[in-house]
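User: Could you walk me through how to read a few features of a protein model? I would like the general idea each time, and then the case at hand.

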Amino acid sequence: MNESTPKSLDSNQFITSRRGFIEGSLLAGTAVFFGAQSALAATGEAPLLMTQEWDKTFPQSNQVDHEKVTFKNRYGITLVADLYLPKSRINEQLAAIVIGGPFGAVKEQSSGLYAQTLAERGFVTLAFDPSYTGESGGEPRNIASPDINTEDFSAAVDFIGLQPYVDQERIGVIGICGWGGMALNAVAVDKRVKAVAASTMYDMTRVMSRGYNDSMTSEERAQTLEQLSRQRWLDAENGRPAYQLPYNELQGGEAQFLVDYHDYYMTPRGYHERAVNSGNAWTQTTPLSFMNMPLLTYIHEISPRPLLLIHGENAHSRYFSETAYAAAAAPKELLIIEDASHTDLYDQMDKIPFDRLAEFFDEHLK
């Protein structure tokens with residue numbers, strides 16, 4: 001953690017079980033934001049400094065043009081995104097797909113891989129860093145909000161729909177992992193989006209407020225809220241938030257899905273220094289706004305627009321997609337990928353069903 005991070009309640013005190021709830025719910029973190037890239041975009045106090053070299057966790061495609069872009073969300077926070085355009089495009093308006101996630105990742109990881117691959121299939125794509133993370137603006141760093149991060153998707157739709165090479169009536173959305181729930185929440189209210197897919201989806205409000213498989217007791221929930229509430233006084237007294245302990249650093253004896261997270265975020269396979277998940281930490285009070293705001297309450301209002309849910313057969317998180325599928329209205333599809341784990345759908349090209357994704361958006365963004 002940053003040496004300047006104030007002392008505060010121990011993480012094991014404010015969450016009943018770090019392994020069962022924090023590691024499971026947040027699986028992330030950044031106690032340090034890289035100062036040169038910090039931007040007080042919400043207040044306009046400092047310019048954004050963006051990396052210009054290719055620093056993705058995947059190789060650059062020679063079939064796609066890449067450009068870094070910025071735009072503001074409805075709250076005035078400047079978001080930084082990677083725009084991917086097929087080199088084979090001609091003078092016509094194309095269908096576009098906005099992509100975000102996973103929860104605590106950056107656009108240089110999974111969302112960028114999805115974006116570049118689908119741009120190779122002929123779509124204009126946009127992978128963005130959510131507010132307060134990555135290269136995007138917002139202070140303090142590394143906090144999440146079910147409201148603001150839902151808004152981030154619609155802000156990306158604002159931007160992409162104003163580009164002259166995009167057909168405003170042919171815009172889709174993909175959310176990955178925890179941003180899958182945010183994507184579904186955004187599309188439920190944003191009728192401009194014509195189709196939505198969620199891959200290896202987490203409902204972050206559900207897992208933070210109830211624990212994995214809804215196992216949190218009412219007493220544990222009350223204790224968690226008590227600790228988080230009192231942490232606010234410590235943060236206010238210190239004038240800055242305290243951060244959780246680093247995530248995805250293994251101590252031994254962890255469940256397999258935690259090992260899988262480590263193998264993606266903490267190895268050359270997927271490590272990125274700006275990612276919240278790559279050995280850093282969210283603020284300790286990040287769970288507060290998730291504790292009483294169920295994201296998928298209105299998922300049925302996505303209909304009559306089509307919904308595609310993709311999940312791994314062996315993923316610990318599979319029940320999130322199954323519950324969402326049951327609650328959604330038609331047209332809907334639940335695609336279970338054989339012999340795939342949760343993180344396989346982050347970057348494994350033989351597991352991610354890009355053919356099906358391309359067919360889905362080709363069909364519904366005609």
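User: Let's begin with Asn 62: is Asn 62 buried or exposed?

Analyst: Burial is read from relative accessible area: buried means under 20%, exposed over 50%, and partly exposed in between, with a 1.4 Å probe and protein chains only. Asn 62 has a relative accessible area of 66%, so Asn 62 is exposed. Asn 62 sits in the loop between α2 (18–25) and β1 (64–72); helices here are DSSP runs of H or I with at least four residues, strands are runs of E with at least two, and both are numbered from the N terminus. The C-alpha atoms of Asn 62 and Pro 86 are 9.5 Å apart in space, while the two residues are 24 apart in sequence.

User: What should I keep in mind about the numbers themselves?

Analyst: This is a predicted model, where local features need pLDDT of at least 70 and side-chain atom pairs count only at pLDDT 80 or more, while totals for chains, interfaces and linings use all residues. Residues are numbered from 1 along each chain as its sequence is written, and side-chain values use heavy atoms, with hydrogens and water left out.

User: Thanks! How many helices and strands does the protein have, and what percentage of the residues count as buried?

Analyst: The protein has eleven helices and eight strands, and 59% of its 366 residues count as buried. A contact means heavy atoms within 4.5 Å. Among contacts with a separation of 6 or more, 76% are between residues 24 or more positions apart.

User: Next, aromatic rings. How many aromatic pairs does a search of the whole structure find?

Analyst: A pair of aromatic rings is described by the distance of the centres and the angle of the planes. Rings of Phe, Tyr and Trp (its six-membered ring) pair if their centres lie within 6.5 Å; planes under 30 degrees apart count as stacked, over 60 as edge-to-face, and the rest as tilted. The search of the whole structure finds 18 aromatic pairs. One of them is Tyr 264 with Tyr 265, an edge-to-face pair at 4.8 Å centre to centre with 85° between the planes. Tyr 264 also forms an edge-to-face pair with Tyr 346, at 5.1 Å centre to centre and 70° between the planes.

User: Which parts does that pair of Tyr 264 and Tyr 346 tie together?

Analyst: Tyr 264 belongs to helix α8 (residues 256–265) and Tyr 346 to helix α10 (residues 344–347), so the pair ties together parts 82 residues apart in sequence. Tyr 264 counts as buried at 1% relative accessibility, and Tyr 346 does at 0%. Ring pairs link Tyr 264, Tyr 265 and Tyr 346 into a cluster that also includes Tyr 202 and Phe 257.

User: And a charge over a ring?

Analyst: The criterion is that NZ of Lys or CZ of Arg is within 6 Å of the ring centre and within 35 degrees of the ring normal. Lys 332 lies over the face of Tyr 325, at 4.5 Å from the ring centre. Lys 56 lies over the face of Trp 54, at 5.3 Å from the ring centre.

User: What about backbone features, such as the peptide bond that joins Gly 101 and Pro 102?

Analyst: Most residues other than glycine have a negative phi, and most peptide bonds are trans. The bond between Gly 101 and Pro 102 is cis, with omega about 0°. Ser 303 and Pro 304 are also joined by a cis peptide bond, with omega about 10°. For phi, Asn 142 has a positive value near 60°, and Asn 248 has a positive value near 65°. Asn 142 counts as buried at 1% relative accessibility, and Asn 248 counts as buried at 8%.

User: Where is Pro 102 placed, and which residues does Pro 102 touch?

Analyst: Pro 102 is in the loop between β3 (94–100) and α3, and is buried with a relative accessible area of 2%. Not counting residues up to four places away in sequence, Pro 102 touches Ser 110, Ile 176, Cys 177, Trp 179, Tyr 265 and Tyr 346. Pro 102 and Tyr 346 are 244 residues apart in sequence and 8.1 Å apart in space, C-alpha to C-alpha.
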